[in-house]
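Below is a short note for the file, written as numbered points. Please read it with the structure open.

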Amino acid sequence: VLVGGQDSTLRKQVDSWVAPVQGDGSLGAWTPATPLPRPKFHHTVVLHRGWLYALGGLETSTSVDAGWRARFADGKVGAWEPLPATPEPRSHHSAVVVGDTLFAIGG
């Protein structure tokens, strides 16, 4: 899953794309998926129990505390829903899930 980002003209993106992983580890064709509600880059996206979580990042040139989640099943991204704000705006951070806890690291 590829979510948001910045293109070569420095324009922030809302696009989402999905490519299936083949049995040999190669990727199939990228197909469009449900776009983010707002442009975002230098954010993180993690998958946990059928949900994609997109946290923080930059919108225009400002770090944000906004995040969204979307169902991810059968290679399809559902509608993005807002998450509660993080304690502080973050960009250039990492995120992982351990057990049932999501960790946002650094930024």
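1. Start with histidine 93. Leaving out residues up to four places away in sequence, histidine 93 touches His42, His43, Thr44, Leu55, Gly56, Gly57, Ile105, Gly106 and Gly107. This is a predicted model, and the contacts should be read as such.

2. Where does histidine 93 sit in the chain? Its place is the loop between β10 (81–82) and β11 (94–98). Histidine 93 counts as buried because its relative accessibility is 10%, and the cut-off for buried is under 20%.

3. Two polar contacts involve the side chain of histidine 93. One is with the side chain of threonine 44, at 3.3 Å. In the other, a polar atom of the histidine 93 side chain lies 3.1 Å from the backbone oxygen of leucine 55.

4. On the overall fold, the chain has twelve strands and zero helices. From the N terminus on, the elements therefore read β-β-β-β-β-β-β-β-β-β-β-β, where strands are DSSP runs of at least two residues.

5. As to dimensions, the C-alpha atoms fill a box of roughly 40 × 40 × 25 Å along the principal axes. The radius of gyration is 14 Å, which agrees with the value near 13 Å that a compact globule of 107 residues would have. Buried residues make up 32% of the 107 residues. Of the contacts with a separation of 6 or more, 39% are between residues 24 or more positions apart.

6. Glycine 5 has glutamine 13 of β2 as its bridge partner.

7. Which residues form the largest nonpolar core? There are nine: Val3, Val18, Leu36, Leu52, Ala54, Trp68, Ala70, Val77 and Trp80. β5 (51–55) and β8 (67–73) each supply at least two residues of this core. A second, separate core has five residues, among them Val46, Trp51, Tyr53 and Ala95. In soluble globular proteins, nonpolar side chains tend to be buried together.

8. Valine 3 is a member of the largest core. Its neighbours within four places in sequence aside, valine 3 is in contact with Asp15, Ser16, Leu36, His43, Val45 and Trp80.

Notes. Residues are numbered from 1 along each chain as its sequence is written. This is a predicted model: local features need pLDDT of at least 70, side-chain atom pairs count only at pLDDT 80 or more; totals for chains, interfaces and linings use all residues. Side-chain values use heavy atoms; hydrogens and water are left out. A nonpolar core is a set of buried Ala, Val, Leu, Ile, Met, Phe, Trp, Tyr and Cys residues joined through side-chain atoms within 4.5 Å. Buried means under 20% relative accessible area, exposed over 50%, partly exposed in between (1.4 Å probe, protein chains only). Helices (H or I, at least four residues) and strands (E, at least two) are DSSP runs, numbered from the N terminus. Contact means heavy atoms within 4.5 Å. A polar contact is a pair of N or O atoms within 3.5 Å; within protein, one must be able to donate a hydrogen and the other to accept it, and residues adjacent in sequence count only if both atoms are side-chain atoms. Two strands pair if DSSP finds at least two bridges between them. The radius of gyration is taken over C-alpha atoms; the globule rule is 2.2 Å times the number of residues to the power 0.38.
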